[in-house]
Amino acid sequence: MSERNFTLSIAAQPLTRLTEFDPEDEYRPEPEPEALPPAWLDGSTRIGIHTSIAGGHRNAPETARKLGCNALQIFSANPRQWQGGSARIPEVDAAAFRARRAELGLGPLVIHANYLINLASPQPMLRVRSIQAFHDEIVRGMSLGADFLVVHPGTRGEATCAQAVATVIESVKQASKRASLGGMRILLENTAGMGTCLSSRLEEMAEVLAGLNGFPVDVCLDTAHLFASGYDIRTEEGLASTIGQIENTIGLERVPVMHINDSKIPLGGRVDRHEHIGEGKIGAEAFRRILQHPRLSATPPEGLAGRVFIAETPIDDPGDDRKNVAALWELAGLKDIAPVAEKGFSMLTAALKKKMDVQRAVDKRNAAVAARREAEEVRKKSEERSLHFAGRLLRRSEAEKQMRRPASVGMTGVAGGGNGAKVAATATNPAKGASTAKRAAATKPVARTKRLATGKRVAMAKKGKKVSGASGKRKRG
Ligand SMILES: [Zn+2]
Ligand SMILES: [Zn+2]
């Protein structure tokens, strides 16, 4: 009985049907889930401050959190030194940094490039060095998982603006060659327009962007630089006009990072000096308008998701950093939902301030000593020069005496020129000039006689006199 049942059960499951292919049974793997956009792109307001990497990169995220930030900007290395040797960050440190940043949900991460980099330099040596250093910035930025790398385009020196724009374009292309940028974008920062600094005009920035079409390059705008270069963002109309100009040149969608700094310098002063938020020439009301402007916000559709406001304000006293971050949240109208800062925390501790004050005093003293030394050098050189001239005058007048002609002709002639006038005045000054001339005569008596003895010298003196006699003036001086 049982055996028969067994046979029947086999017959009920014919093996042939099991191997037959049914398209319905095909294994279809789930499509790779699309990478979730990072949390900082969720349309929320992002506020950070330039954060120190003292003691190692991994400390920076913690510092940003303690200051009440949800984003941060850092240097990836010493910003005022060319990196010698390996410019890389050890992977252990980079990994620790990335992990801590992710845990704290900080973003975006902005890296500010070295200040020595000059991508516009007309000097080949400096330019090559800058391209190499900027390439290293890209590599370090990638290893830290940065979202943006901000760089000042540089100064053009003797070159024309058009040449400098072309140079920057070429430099950025070369620096990003063979560097995989991943999702990181390079941001050119506008400048205050000091000296021959590039990028104080939005039109000029648009030209550079046009030349880098297809490269991951956008713009970072600094409020202090805008203001110092003549964009009046202090008033409501001025801000509206500036936003209009941004739209007409680079486009607001290409400004994912804004440096929010007040300015010690008045409108159009063309000097780069940052001030605490609300305490400079731009003022708190203007920052309230800027931070709450829908077009400048991080909320689409009017704003740009992920846009961040980064303060680069001075830290004169412990706590200034925390206060400036708090001021940004308050002026943005988000004081109540801002991340909580750690009470009393500052990147500048009382001990560090004391150390810096001492250093500043030493620097000041050294600078004063150097200035005194330089002034002394200048004084010595000018004295040597006047001795030299006085000597020449003396030689000429003696040559004239030898030829039994009145010396006054030569003297009048010399007095005609710019410098000559001064020298002649010195030479005839009975108190100082006479002694100077005497000293000069005493130092080179042999040479003088020798020279005077040659016919050539006398002939020259004669010729000189003829010229001066004819015109009454000589152009040399
Ligand atoms: Zn800046
Ligand atoms: Zn600046």
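Predicted model: local features only at pLDDT ≥ 70, side-chain atom pairs only at ≥ 80, totals over all residues.
Local features here need pLDDT of at least 70, side-chain atom pairs count only at pLDDT 80 or more, and totals for chains, interfaces and linings use all residues. Residues are numbered from 1 along each chain as its sequence is written.

Start with the barrel: eight strands close up in the order β1-β2-β3-β4-β5-β6-β7-β10, with parallel pairing (strands are DSSP runs of E, at least two residues, numbered from the N terminus; two of them pair if DSSP finds at least two bridges between them). From one strand to the next, the twist averages 25°.

Strand β10 (residues 308-311) is covered on both faces, with V308 and I310 buried on one side and F309 and A311 buried on the other (buried: 20 or more other C-beta atoms within 10 Å of the residue's own, C-beta atoms being placed from the backbone). Strand β1 (residues 46-50) pairs with β10 over four bridges, and I47 has F309 as its bridge partner there. Strand β7 (residues 257-259) pairs with β10 over three bridges, and M258 sits opposite F309.

As for the helices (DSSP runs of H or I, at least four residues), α7 (residues 202-211) and α9 (residues 236-249) pack at about 25°, their axes 9 Å apart (axes are lines fitted to C-alpha atoms over the stretch in contact, and angles run from 0 to 180 degrees between N-to-C directions). The two are therefore roughly parallel (angles under 35 degrees). L202, E203, M205 and A206 in α7 meet Q245, I246 and T249 in α9 (C-beta atoms, placed from the backbone, within 7 Å).

Methods
Chains lettered and ligands numbered in written order. Parallel < 35°, antiparallel > 145°, perpendicular 65-115°, else oblique. Contact = placed C-beta atoms within 7 Å. Buried ≥ 20, exposed ≤ 12 C-beta atoms within 10 Å, placed from the backbone.
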